[in-house]
Amino acid sequence: MKVYLNGKLVPQSKACVSVFDHGLLYGDGVFEGIRTYNRRVFMLDEHVARLYRSARAIALDIPISQAAMSAAVVMTCNANRTWDGYVRVVVTRGVGTLGLNPYVCKKPQIIIIAGRIQLYPHELYEKGMSIITAGTVRNHPEAVNPCIKSLNYLNNILAKIEAINAGVMEAIMLNHNGHVAEATGDNVFAIQGDRLMTPPPSAGLLEGITRDVVITLAGQRGMTVMERDMTRYDLYTADEVFLTGTAAEIVPVVRIDRRVIGTGKPGRKTLELSTAFKEFARQQGTPLRGCT
Ligand code: PXG
């Protein structure tokens with residue numbers, strides 16, 4: 001595998017960063033996870049724009065333009081023949097000292113890894129997923145805003161530990177008001193009748209790019225889409241619940257905190273949206289080498 005590191009493609013074995021990198025020492029940096037489908041990079045401009053927003057929010061100046069970043073992603077995918085895969089873009093603050101001061105870090109490190117992604121097991125998409133609500137509260141937006149896709153995922157990892165320890169793979173995180181925010185690496189949706197509900201960004205969540213696509217696709221299918229504050233009540237009493245994310249796509253949820261959701265099977269509308277999403281993802285995207 002060839003890894004993009006600060007403008008060059010280097011063999012995986014040579015793709016190293018310093019132990020003094022503030023990304024490692026403090027989680028001081030930002031990242032993106034992007035998919036390729038059918039020789040196209042899905043929603044590349046949107047991911048790159050979010051990366052630069054995240055960087056801006058932590059006062060990190062990425063030393064190349066957004067267009068150059070997009071070109072670097074395409075180049076890395078082509079070099080690795082990542083036609084149906086997963087791309088991780090990481091920008092760290094760079095090498096500094098053992099102190100916190102980010103301004104001593106003069107050169108942000110840009111890393112692009114084009115590889116595979118481990119999706120949830122196939123049967124989860126057919127049978128649906130069991131999840132819990134976590135006790136770990138989602139970061140307060142006035143602390144580290146969850147809109148920032150930063151390298152510090154400890155808040156999410158603490159909730160993920162709760163999930164795994166409870167024997168499930170995902171956890172819903174609530175915010176400081178007890179409202180539903182999101183899952184540890186996915187956004188959450190609930191369907192009640194013809195209404196599709198998802199928490200608003202003000203609830204403290206990453207504005208997922210898959211979330212945006214699903215909102216658009218649902219609108220096109222005549223569903224009423226509402227961004228509104230939700231509590232566990234809305235999840236427990238929903239007809240259907242599902243999670244969305246770049247890696248996960250659309251995952252039906254059939255149990256929350258051991259309560260059965262809807263019929264206990266993936267819902268019809270969830271499956272419809274999932275089919276529409278797959279169709280859209282195959283057709284849309286920035287072309288890679290050999291894309292027809
Ligand atoms: N919320 C959070 C906290 C995320 O990290 C999403 C929602 C979904 O956003 P997109 O734009 O992908 O639709 C994410 C992104 C993992 C993993 O290993 C997941 C993400 C990022 C990094 C790792 O599960 N999801």
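Q: Which residue forms a salt bridge with Arg35?
A: Glu249 does, with the closest N and O atoms 3.5 Å apart. A salt bridge here is a side-chain nitrogen of Lys or Arg within 4 Å of a carboxyl oxygen of Asp or Glu. This is a predicted model, where local features need pLDDT of at least 70 and side-chain atom pairs count only at pLDDT 80 or more, while totals for chains, interfaces and linings use all residues. Residues are numbered from 1 along each chain as its sequence is written, and side-chain values use heavy atoms, with hydrogens and water left out.

Q: How many salt bridges are there between domain 1 and domain 2?
A: The count between the two is 1 salt bridge.

Q: And polar contacts across that interface, how many residue pairs?
A: The rule finds 8 residue pairs, both residues at pLDDT 80 or more. A polar contact is a pair of N or O atoms within 3.5 Å; within protein, one must be able to donate a hydrogen and the other to accept it, and residues adjacent in sequence count only if both atoms are side-chain atoms.

Q: Which strand gives the most to the side of domain 1 that touches domain 2?
A: Strand 3, with 8 residues. Strands are DSSP runs of E, at least two residues, and helices are runs of H or I, at least four, both numbered from the N terminus.

Q: Where do the domain bounds lie?
A: Domain 1 covers 2–115 and domain 2 covers 122–281; the bounds come from an automatic or database domain assignment. Their centres, taken over C-alpha atoms, are 26 Å apart.

Q: How much area do they bury between them?
A: About 1600 Å², 68% of it on carbon and sulfur atoms. Buried area is the accessible area (1.4 Å probe) that two parts lose on being put together, summed over both. In domain 1, Phe31, Phe42 and Arg50 lose the most area to domain 2, together 36% of what that side buries.

Q: Other topic. How many salt bridges does the structure hold?
A: There are 10. One of them pairs Arg93 with Asp28, the closest N and O atoms being 2.9 Å apart.

Q: Where do those two sit in the chain?
A: Arg93 is in the loop between strand 5 and strand 6 (109–115), and Asp28 is in the loop between helix 1 and strand 3, 65 residues apart.

Q: What does the secondary structure of the chain come to?
A: 8 helices and 16 strands.

Q: And what does the C-alpha trace span along its principal axes?
A: About 55 × 50 × 30 Å.
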